[in-house]
Amino acid sequence: MFELKYHTPIEWAHVAVADFDAFLQDHAAAEKKASGMAISMLSHYPDRKNLVRAMADLAIEELIHFKQVLKLITARGGMLGQDSKDPYIHAIRSLFRRGTDVFFLDRLLVAGVIEARGHERFSLIAEVLPAGKDKDLYVSIAKSEEKHKNLFVELALEYFDKDVVEQRLEEVLVFEAEVCAKLPFRAALH
């Protein structure tokens, strides 16, 4: 449905996999936060039936991903880490505009772009992991993230004019690319 403007180099995945335990902790935190975001969306917009249904399904799916990553962490002898501020999320959330409708549109489009970035980066992780269960999990999660990116844009198109959605999505994509280009590579999703 849309393409990211910045393409993460494969070197990022090598950095992330070099400290896979730290990456897994960050990934678990991201899945937990994504589930919470979906619950927040359905709580804030209970009158939008399709959104409520979609966010309920998304919250469950993200929580399942969290549980899968937690299982990997514990199998490796680790434990869940403390959540930390994500500089990428902090920066991209600065795009949110004030006003009921524009804020809602921004939430949908920013969520879609974040999911698209997750799809790209989980695909890169799957590419560099050796064959096995970990690789299979990341292939599966990457496919889910791709569906999620499209879900948010489809919801935006349900509630807003196509031209408005496309123009704002382009602005979000340009800003998100600038943010990604400035971030250092680390053992974290973003």
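Helices (H or I, at least four residues) and strands (E, at least two) are DSSP runs, numbered from the N terminus. The model is a predicted one, in which local features need pLDDT of at least 70 and side-chain atom pairs count only at pLDDT 80 or more, while totals for chains, interfaces and linings use all residues. Residues are numbered from 1 along each chain as its sequence is written, and side-chain values use heavy atoms, with hydrogens and water left out.

The chain has 7 helices and 0 strands, and its elements run α-α-α-α-α-α-α from the N terminus on. Its radius of gyration is 16 Å, close to the 16 Å that the globule rule gives for 190 residues, so the chain is as compact as a globular protein of that length. The radius is taken over C-alpha atoms, and the rule is 2.2 Å times the number of residues to the power 0.38. Along the principal axes, the C-alpha trace spans about 45 × 30 × 25 Å.

Of the 190 residues in the chain, 45% are buried; buried means under 20% relative accessible area, exposed over 50%, and partly exposed in between (1.4 Å probe, protein chains only). The chain exposes about 9800 Å², of which carbon and sulfur atoms supply 56%. These areas come from the Shrake-Rupley method with a 1.4 Å probe; for residues, only the protein chains shown count as cover. Contacts (heavy atoms within 4.5 Å) show how the chain folds back on itself: among those between residues at least 6 apart in sequence, 82% join residues at least 24 apart.

Val17 gives an example. This residue lies in helix H1 (residues 10–18) and counts as partly exposed at 24% relative accessibility. Leaving aside residues up to four places away in sequence, Val17 touches Ile125, Val128 and Leu129. The C-alpha atoms of Val17 and Ile125 are separated by 7.2 Å, although the two residues are 108 residues apart along the chain.

The aromatic side chains come next. Rings of Phe, Tyr and Trp (its six-membered ring) pair if their centres lie within 6.5 Å; planes under 30 degrees apart count as stacked, over 60 as edge-to-face and the rest as tilted. The structure holds 9 such aromatic pairs. One of them, Phe96 with Phe103, is edge-to-face, at 5.3 Å centre to centre and 80 degrees between the planes. Phe103 is partly exposed, with a relative accessible area of 29%. Another pair, Phe122 with Tyr138, is tilted, with 5.7 Å between centres and 50 degrees between the planes. Phe122 lies in helix H5 (residues 100–128) and Tyr138 in helix H6 (residues 133–159), so the pair ties together parts that are 16 residues apart in sequence. Phe122 is buried at 2% relative accessible area, and Tyr138 is buried at 0%.

Phe122 and Tyr138 also belong to one aromatic cluster with Trp12, Phe20 and Phe23. Over the face of Trp12 lies Arg121, at 4.8 Å from the ring centre. Lys149 lies over the face of Phe2, at 4.9 Å from the ring centre. A charge sits over a ring if NZ of Lys or CZ of Arg is within 6 Å of the ring centre and within 35 degrees of the ring normal.

Side chains of opposite charge can pair when their charged atoms come close. A salt bridge is a side-chain nitrogen of Lys or Arg within 4 Å of a carboxyl oxygen of Asp or Glu, and the structure holds 9 of them. In one, the closest N and O atoms of Arg76 and Asp21 are 2.7 Å apart. The pair links distant parts of the chain, 55 residues apart: Arg76 is in the loop between helix H3 (49–75) and helix H4 (87–93), and Asp21 is in helix H2 (residues 20–44). Arg76 is partly exposed at 41% relative accessible area, as is Asp21 at 42%.

Arg168 and Asp106 meet in a salt bridge at 2.8 Å, N to O. This pair also links distant parts of the chain, with Arg168 in helix H7 (residues 162–182) and Asp106 in helix H5, 62 residues apart. Arg168 is buried, with a relative accessible area of 9%, and Asp106 is buried at 0%.

Glu120 and Arg117 form a salt bridge at 2.6 Å, N to O. Both residues lie in helix H5, 3 residues apart, about one turn of the helix, and both Glu120 and Arg117 are buried. Elsewhere, salt bridges that share partners join Arg97, Asp106, Arg168 and Glu171 into one network.
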